[in-house]
Amino acid sequence: MIAWKEYEARVLKYFKSRHPEAVFSANKNLRGKFSHTDREIDILLEGEAFGLPIIVAIECKNWSSKLDVADIGSFIDKLKDTGISKGVI
C-alpha cells in the first residue's frame, strides 16, 4: 500500500494534469461555518467553469477497506460546514 502522503501527491498530480488552469491547495484548513473549527481539505481546487467560480473539495482515501455510509456522511458534513457544494472522494 502507498503511504498516504504519496497517495495525496499522486491524486494532486492527476487533477493538476487535467485542470491546469485551476488553482490547487493541499491540506487547506477552512473554518467551519457551523462547527467554528478548522476543517482540513486534502486538496482544494479553485477555478472557473462557464465564467463562474467553482470550488471542489477532494478527499483522498487510500484504505484497505471500502468506505462506508458513515465515511460518506462525514464528508458531506464537512462540505456543508465549509460551504463547498462540490466534492470528490
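Two strands are taken to pair if DSSP finds at least two bridges between them. On this basis, the predicted model contains an open sheet of 4 strands in the order β1-β2-β3-β4, and the pairing is mixed. The edges are formed by β1 (23-31) and β4 (86-88), each of which pairs on one side only. On average, neighbouring strands of the sheet are turned by 40° against each other, direction ignored.

Strand β1 and strand β2 (residues 38-49) run antiparallel and are joined by 8 bridges. Within this pairing, S25 has L44 of β2 as its bridge partner.

Two helices are placed against the sheet as follows. Helix α1 (residues 4-18) packs on the sheet and touches β1, β2, β3 (52-58) and β4. The direction of α1 makes about 120° with that of β1. Helix α2 lies across β1, β2, β3 and β4, and runs at about 65° to β2.

Helix α2 spans residues 69-82 and includes I72. This residue also belongs to a nonpolar surface patch of about 410 Å², made by I72 together with W63, L67, I76 and I89. The relative accessible area of I72 is 35%. I72 is therefore classed as partly exposed, because this class lies between the buried limit of under 20% and the exposed limit of over 50%.

How values were computed. Residues are numbered from 1 along each chain as its sequence is written. This is a predicted model: local features need pLDDT of at least 70, side-chain atom pairs count only at pLDDT 80 or more; totals for chains, interfaces and linings use all residues. Side-chain values use heavy atoms; hydrogens and water are left out. Patches are made of residues with over 30% relative accessible area and no salt bridge: like charges are joined within 9 Å, nonpolar side chains (Val, Leu, Ile, Met, Phe, Trp, Tyr) within 5 Å. Accessible areas come from the Shrake-Rupley method with a 1.4 Å probe; for residues, only the protein chains shown count as cover. A salt bridge is a side-chain nitrogen of Lys or Arg within 4 Å of a carboxyl oxygen of Asp or Glu. Buried means under 20% relative accessible area, exposed over 50%, partly exposed in between (1.4 Å probe, protein chains only). Axes are lines fitted to C-alpha atoms, for helices over the stretch in contact, and angles run from 0 to 180 degrees between N-to-C directions. Contact means heavy atoms within 4.5 Å.
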